[in-house]
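Student: I have a structure to study, and I would like to go through it step by step. Can we work by question and answer?

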Amino acid sequence: MFADRVRIFIKSGKGGDGHVSFRRELYVPAGGPDGGNGGHGGDIIFMVDKGLNTLGDFRHNSKYIAESGEEGGKRRCTGKDGEDLIIKVPEGTVIYDDESGKVIADMSGDNLQETILKGGRGGKGNMNYATSTMQAPQYAQPGQAAQELELLLELKVIADVGLVGFPNVGKSTFISVVSEAKPNIANYHFTTLNPHLGVVDLNDGQGFVMADIPGIICLLYTSPSPRDAHES
């Protein structure tokens, strides 16, 4: 079993700012405040998609930002909420905080949906601040700031294809060409010590997992035969 890993950046939506405005009607030259509230920013939600089996899609897009809430309007109109951003992942994906290494969520079992970041709260318009002593407030509340995180996604997978061969014959080079894997490639005099995992994306949106299996033929090739051991 191998681990497919990708790093992504996520950011929730900012809350919309509250609005400052006053009623202006015929025969009402000095109406009260009517600035509306800002809309809430969109959440970042991870959802299990059982039709996915790799993290290959994240190699083409590593930045995910939810929609911000709209500013409040005049006549007590509340700004539109930002749309939530749903990120689909394969079942069994573990979500880590990339900086601390802390597990944020394990998308397996019954945990099919998880809100990772909440969008910012919308700010209050000036209609909320009118009092008996302050009948014409000239200020409104700004929307709450967005939240952001650098994440590491990890999926335990079983390789569909394994590359087996003598050391230094091009296995790592091959897997780096057909996938997004980035193994160290040079004219080494020894075999790959740790397996390299690459997800091969196909044109029809499907894919499969390829692994560079280290050391199998190398160990068989260098191990002395029973006859050699007896002669020595």
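Student: How many salt bridges does a search of the whole structure find?
Tutor: Keep in mind that this is a predicted model. A salt bridge needs a side-chain nitrogen of Lys or Arg within 4 Å of a carboxyl oxygen of Asp or Glu. Searching the whole structure on that basis, the number of salt bridges is four.

Student: Which residue forms a salt bridge with Arg-7?
Tutor: Arg-7 lies in strand E1, and its partner sits in the loop between strand E5 (93–97) and E6. The pair therefore ties together parts that are 91 residues apart in sequence. The closest N and O atoms are 3.0 Å apart, and the partner is Asp-98.

Student: Are Arg-7 and Asp-98 buried, partly exposed or exposed?
Tutor: Exposed means over 50% relative accessible area, and buried means under 20%. Arg-7 has 54%, so Arg-7 is exposed. Asp-98 has 29%, so Asp-98 is partly exposed.

Student: What is the relative accessible area of Lys-14, and what is that of Asp-17?
Tutor: The side chains of Lys-14 and Asp-17 meet in a salt bridge, at 3.0 Å from N to O. Lys-14 counts as partly exposed, with 32%. Asp-17 also counts as partly exposed, and its value is 32%.

Student: How many residues apart in sequence are the parts that Lys-118 and Asp-43 tie together?
Tutor: Lys-118 forms a salt bridge with Asp-43, and their closest N and O atoms are 3.4 Å apart. Lys-118 is in the loop between E7 and E8, while Asp-43 is in the loop between E1 and E2. So the pair ties together parts whose separation in sequence is 75 residues.

Student: Is Asp-43 buried or exposed?
Tutor: The cut-off for buried is under 20% relative accessible area. Asp-43 has 12%, so Asp-43 counts as buried.

Student: Which element gives the most residues to the largest nonpolar core?
Tutor: This core has 22 residues, and those touching the most other members include Ile-8, Phe-46 and Leu-153. Elements that give two or more residues include strand E1 (2–11), strand E2 (44–48) and strand E8 (148–157). In soluble globular proteins, nonpolar side chains tend to be buried together. The element that gives the most to this core, with four residues, is E8.

Student: Which residues form a negative surface patch, and where is Glu-70 found?
Tutor: The patch is made by Glu-67, Glu-70, Asp-81, Glu-83 and Asp-84. Glu-70 has 46% relative accessibility, so Glu-70 counts as partly exposed. Its place is the loop between strand E3 (63–65) and strand E4 (85–89).

Student: What distance separates the C-alpha atoms of Val-161 and Phe-208?
Tutor: Val-161 is found in strand E9. At 30% relative accessible area, Val-161 is partly exposed. Val-161 and Phe-208 are 47 residues apart along the chain, and their C-alpha atoms are separated by 7.8 Å.

Student: How many helices and strands does the protein chain have?
Tutor: Read along the sequence, the pattern is β-β-β-β-β-β-β-β-β-α-β-β-α-α. The chain has three helices and eleven strands.

Key
Residues numbered from 1 in each chain as written. Predicted model: local features only at pLDDT ≥ 70, side-chain atom pairs only at ≥ 80, totals over all residues. Heavy atoms only, no water. Patch = residues over 30% accessible without salt bridge, like charges linked within 9 Å, V, L, I, M, F, W, Y side chains within 5 Å. Areas by Shrake-Rupley, 256 points an atom, 1.4 Å probe, with all protein chains shown as cover. Lys, Arg positive; Asp, Glu negative; His and termini not counted. Charge placed at Lys NZ, Arg CZ, Asp CG, Glu CD. Buried < 20%, exposed > 50% of the residue type's maximum accessible area, 1.4 Å probe, protein only. Core = buried A, V, L, I, M, F, W, Y, C linked by side-chain atoms within 4.5 Å.
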